[in-house]
Amino acid sequence: MKRFGQVIKIKPEKLAYYRELHANPWKSVLDKIRECNIRNYSIFLLNDELLFAYFEYIGDNFEEDMQKMAADPETQRWWAETDPCQQPLELKEGEWWHTMEQIFYTK
């Protein structure tokens, strides 16, 4: 299992809509997340401007699972709603959510 921490900005004018979407996520999208071996997925908000996502990946081919998720029409439709609410940090060219380095873990 691999843990992921990711960050992205939220557009202030889109925050209420983003909250609404995540208060009522689409079952098909949740099913696809699970099918693609993601567990314990959470998104946190800091100061109404920064989103932090945490999830655990239990599969053995992350890139393949992410390609499968990206090819899913319902996930694409969900992202068409959520992506306009977000703004990348632009830490790496072409990156959307920025994956952070894990430097500590304890049970």
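View 1. Helices (H or I, at least four residues) and strands (E, at least two) are DSSP runs, numbered from the N terminus. The model shown here is predicted: local features need pLDDT of at least 70, side-chain atom pairs count only at pLDDT 80 or more, and totals for chains, interfaces and linings use all residues. Residues are numbered from 1 along each chain as its sequence is written, and side-chain values use heavy atoms, with hydrogens and water left out.

**View 2. Where helix H3 packs on helix H4.** H3 (residues 62-71) and H4 (residues 73-82) pack at an angle of about 75°, and their axes are 5 Å apart. That makes H3 roughly perpendicular to H4 (65 to 115 degrees; under 35 is roughly parallel, over 145 roughly antiparallel and the rest oblique). Axes are lines fitted to C-alpha atoms, for helices over the stretch in contact, and angles run from 0 to 180 degrees between N-to-C directions. From H3 come Met69, Ala70 and Ala71, which meet Pro73, Thr75, Gln76 and Trp79 of H4 (contact means heavy atoms within 4.5 Å). These contact residues divide into 5 nonpolar, 2 polar and no charged (Ala, Val, Leu, Ile, Met, Phe, Trp, Tyr, Cys and Pro count as nonpolar, Asp, Glu, Lys and Arg as charged, and the others, Gly among them, as polar).

**View 3. The largest pocket.** About 760 Å³ of space lies in this pocket (on a 1 Å grid over the protein atoms alone, an open set of points where a 1.4 Å probe fits, with protein on both sides within 12 Å along at least five of seven lines; lining residues have an atom within 4 Å of a point). Of its 26 lining residues, Gln6, Tyr41, Met69, Trp79 and Trp97 are the closest to the centre. The lining has 17 nonpolar, 7 polar and 2 charged residues.

**View 4. The second largest pocket.** Its volume is about 210 Å³. E1 gives the largest share of the lining, 4 residues.

Note on methods
Points joined across faces, edges and corners; volume = space filled by probe spheres on them.
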